[in-house]
Amino acid sequence: MDFLNYPQPLADLIAGLSKLPGIGPKTAGRLAFYLLQQPQTAESLADTIHYALKNIKECSVCCNYTQQDPCPICTSDKRDPSLLCIVEQPRDVAALEKTREYKGRYHVLHGVISPLEGIGPEQLTVSKFLKRLDGVQEVVMALNPTVEGEATSLYLSKLLKPMGIKVTRIAHGLPVGGDLEYADEVTIARALEGRRQI
């Protein structure tokens with residue numbers, strides 16, 4: 001999209017908005033014009049973003065986003081400290097918490113191992129993870145079922161094996177309401193692996 005006909009501040013706003021995930025130049029343009037037409041909404045949004053950036057930090061224990069450090073999950077005596085769930089991003093913690101099924105604690109890697117993108121264990125929070133295994137009996141791998149997610153799970157599993165810690169992973173497979181004929185081979189294979197008795 002050509003921003004040459006726009007005043008520089010507007011062109012900069014569109015360019016900035018188009019850097020957000022899932023926002024292309026056309027959508028960024030629509031959002032920019034909307035914000036200019038709704039100055040109160042724009043000011044409120046800017047204040048909210050500024051407040052979040054100033055007040056949200058990484059938990060020093062699990063690396064999840066939090067307002068207090070350590071976070072409420074890490075300090076809760078209702079959580080099982082022997083059970084640790086590994087996730088890729090803070091939004092994954094939120095997704096698992098919505099189920100109200102998981103009663104352990106978490107560790108957020110902030111990514112997965114991806115040699116093509118130059119991301120190794122050193123760029124993730126693996127070293128912090130390895131320092132908090134005292135008393136942990138089971139580690140649940142809840143990484144996305146991608147090649148990078150699988151490689152990261154395998155890498156962490158190999159590190160944990162000599163320690164005698166049980167390593168499990170969440171079941172992957174068909175979603176509720178999904179049709180077998182539209183599922184790929186890997187999804188069907190995972191669904192078969194994760195089968196349970198009825």
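The largest pocket in this predicted model has a volume of about 430 Å³. A pocket here is an open set of points on a 1 Å grid over the protein atoms alone, where a 1.4 Å probe fits, with protein on both sides within 12 Å along at least five of seven lines. The volume is the space filled by probe spheres set on the points, which are joined across faces, edges and corners.

Which residues lie nearest the centre of this pocket? They are Cys-85, Leu-96, Val-140, Ala-142 and Ile-170, out of 19 lining residues, and lining means having an atom within 4 Å of a point. Helix 5 gives the most to the lining, with four residues.

Buried means under 20% relative accessible area and exposed over 50%, with a 1.4 Å probe and protein chains only.

| Residue | Relative accessible area | State |
|---|---|---|
| Thr-125 | 12% | buried |
| Gln-89 | 18% | buried |
| Leu-192 | 51% | exposed |

Leaving aside neighbours within four places in sequence, Thr-125 is in contact (heavy atoms within 4.5 Å) with Cys-63, His-107, Val-108, Leu-109 and His-110.

Helices (H or I, at least four residues) and strands (E, at least two) are DSSP runs, numbered from the N terminus.

Residues are numbered from 1 along each chain as its sequence is written, and side-chain values use heavy atoms, leaving out hydrogens and water. Because the model is predicted, local features need pLDDT of at least 70 and side-chain atom pairs count only at pLDDT 80 or more, while totals for chains, interfaces and linings use all residues.
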